[in-house]
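Reader: I am new to this structure. Please show me how to read it.

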Amino acid sequence: MMLEVKDLKVRYGNIEALHGLNFHVDRGEIVTLIGANGAGKTSTLLSLSRLPQPEAPTVFGGDILIDGESILKTEPHQLVEDQKMALVPEGRHIFGNLSVRENLDLATYAVAKDVDFVNTTMALVYDLFPRLYERRKQRSESLSGGEQQMLAVGRALMTGCKFIMLDEPSMGLAPVLMYEMFRALKELNKKEITILVVEQNAKVALDFADRGYVLNTGEIIAEGSSEELRANKDVQKAYLGG
Ligand SMILES: Nc1ncnc2c1ncn2[C@@H]1O[C@H](COP(=O)(O)OP(=O)(O)O)[C@@H](O)[C@H]1O
Ligand SMILES: [Mg+2]
């Protein structure tokens with residue numbers, strides 16, 4: 001199992017945000033966590049990523065395992081070096097004053113010595129997102145929202161991680177760019193990248209993923225294959241517009 005989350009409980013101060021989540025992602029899968037605004041999607045990804053982030057909640061119960069090993073006590077720098085997972089965060093967090101190319105280079109911290117890997121992956125990123133190639137010398141802040149989202153995905157790939165988590169990649173994107181983004185993610189999945197994506201846009205997420213979980217106020221209330229979830233009457237009513 002790539003990722004196993006067991007009874008995960010997190011809080012902000014003394015307000016509990018996740019009340020004991022259980023879910024998993026197998027190697028090679030695309031799994032989605034869908035839920036309305038405030039359901040706990042971002043809290044889940046921030047707790048999983050284990051990188052020190054000021055806005056991250058405190059994990060106070062349960063466990064997070066990658067490849068069968070708990071990562072709760074692993075030092076952040078070790079997680080980066082081990083290339084366990086990469087997060088494409090909400091809001092993207094790219095360096096606006098650096099060029100596209102520089103943002104990609106910066107992400108290769110753990111794999112920089114492997115020049116072949118860096119070159120091959122850079123070529124893959126430019127191949128998936130030709131717009132990034134066209135704009136590789138431009139300052140990143142001049143990119144459109146969709147292009148910045150592409151850059152954030154490219155950066156995750158450059159880390160060498162085979163497990164990528166994305167926080168609402170469809171957010172703020174025009175439909176054309178949104179479908180381009182999901183098509184690119186599908187391509188990556190064929191190249192053995194395992195994907196966990198959280199989405200408010202349940203329709204798009206279930207069209208894209210193999211399996212999903214429904215998150216509601218910090219609890220998983222339904223799970224199944226995308227097909228099963230799409231056929232579920234409660235899911236239809238609450239998340240698929242009837
Ligand atoms: N920094 C924070 N401080 C306090 N509460 C927070 C913080 N971030 C999120 N929350 C609360 O945690 C819950 C889950 O939020 P979040 O994980 O951001 O949901 P989603 O990403 O699904 O919209 C919400 O009730 C939200 O108000
Ligand atoms: Mg969120």
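Author: Start with the elements: helices (H or I, at least four residues) and strands (E, at least two) are DSSP runs, numbered from the N terminus. The chain has 10 helices and 10 strands. This is a predicted model: local features need pLDDT of at least 70, side-chain atom pairs count only at pLDDT 80 or more, and totals for chains, interfaces and linings use all residues. Residues are numbered from 1 along each chain as its sequence is written, while chains are lettered from A and ligands numbered from 1 in the order in which they are written.

Reader: How many residues are in the largest nonpolar core, and which touch the most other members?

Author: In soluble globular proteins, nonpolar side chains tend to be buried together. A nonpolar core is a set of buried Ala, Val, Leu, Ile, Met, Phe, Trp, Tyr and Cys residues joined through C-beta atoms within 7 Å. Buried means 20 or more other C-beta atoms within 10 Å of a residue's own, with C-beta atoms placed from the backbone. The largest core here has 68 residues; Val88, Val125, Ala156, Ile164, Met165 and Ala205 touch the most other members. Helix α6 (residues 145–158) gives the largest share of this core, seven residues.

Reader: What share of the chain is buried?

Author: Buried residues make up 43% of the 242 residues.

Reader: Which residues are around ligand 1?

Author: Near means that a residue's C-beta atom, placed from the backbone, lies within 6 Å of the molecule. The residues around ligand 1 include Tyr12, Lys41 and Glu55. Helix α1 gives the largest share of this shell, three residues.

Definitions and conventions:
A residue is buried if 20 or more other C-beta atoms lie within 10 Å of its own, exposed if 12 or fewer, and partly exposed in between; C-beta atoms are placed from the backbone.
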